[in-house]
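Reader: Hey, can you walk me through this structure?

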Amino acid sequence: MGLLTILEGFLLLANALAILNEDRFLAPRGWSFSEFSAGRAKSFKGQLIGLIYATQYMRVPLILLNAICIVIKLVSG
C-alpha cells in the first residue's frame with residue numbers, strides 16, 4: 001500500500017461526502033446544517049456535519065483532483 005493508494009482512498013471518501021443530498025439523506029436523519037449552526041459545532045457530530053458541508057462546497061477542486069487521478073492511472077497503468 002503506497003502513498004498514492006492512501007490519497008486515492010481519501011479522494012473517494014471526499015467524493016462520497018460531496019454527493020450526499022441534504023433533503024433526501026441528511027435532514028431526515030438529523031444531520032442538517034441547522035443543527036450544525038445551533039451551537040453544537042464543537043461536538044463530534046457537529047464537526048462531521050461541518051466536514052460534509054465543506055466537501056460539498058469544494059466540488060470543483062474535487063472534479064479536478066478526480067481528473068488528475070484518472071490521468072495518472074491511465075499513464076501508469
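Predicted model: local features only at pLDDT ≥ 70, side-chain atom pairs only at ≥ 80, totals over all residues.

Reader: Ok, at what angle do α1 and α5 pack?

Author: Helix α1 covers residues 3-18 and helix α5 covers residues 59-76, and they pack at an angle of about 145°. Their axes are 11 Å apart.

Reader: And is that crossing left-handed or right-handed?

Author: The crossing of α1 and α5 is left-handed. On the α1 side, the contact is made by Leu4, Glu8, Leu11, Ala14, Asn15 and Ala18. Helix α5 brings Arg59, Leu62, Leu65, Asn66, Cys69, Ile72 and Lys73.

Reader: How many of those are nonpolar, polar or charged?

Author: The contact of α1 with α5 has 8 nonpolar residues, 2 polar ones and 3 charged ones.

Reader: New topic: what volume does the largest pocket have?

Author: The largest pocket comes to about 150 Å³. Its lining includes Leu7, Phe10 and Ile68, and the elements giving two or more residues to that lining are α1 and α5.

Reader: Which one gives the largest share?

Author: That's α1, with 6 residues. By class, the lining of the largest pocket has 9 nonpolar residues, no polar ones and 1 charged one. Glu8 is among the lining residues.

How values were computed. Residues numbered from 1 in each chain as written. Heavy atoms only, no water. Axes fitted to C-alpha atoms, helices over the stretch in contact; angles between N-to-C directions. Helix = DSSP H or I, 4+ residues; strand = E, 2+ residues; numbered from the N terminus. Left-handed = near helix turned anticlockwise from the far one by under 90°. Contact = heavy atoms within 4.5 Å. Nonpolar A, V, L, I, M, F, W, Y, C, P; charged D, E, K, R; others polar. 1 Å grid on protein atoms, 1.4 Å probe; cavity = no way out; pocket = protein on both sides within 12 Å on 5 of 7 lines; lining within 4 Å. Points joined across faces, edges and corners; volume = space filled by probe spheres on them.
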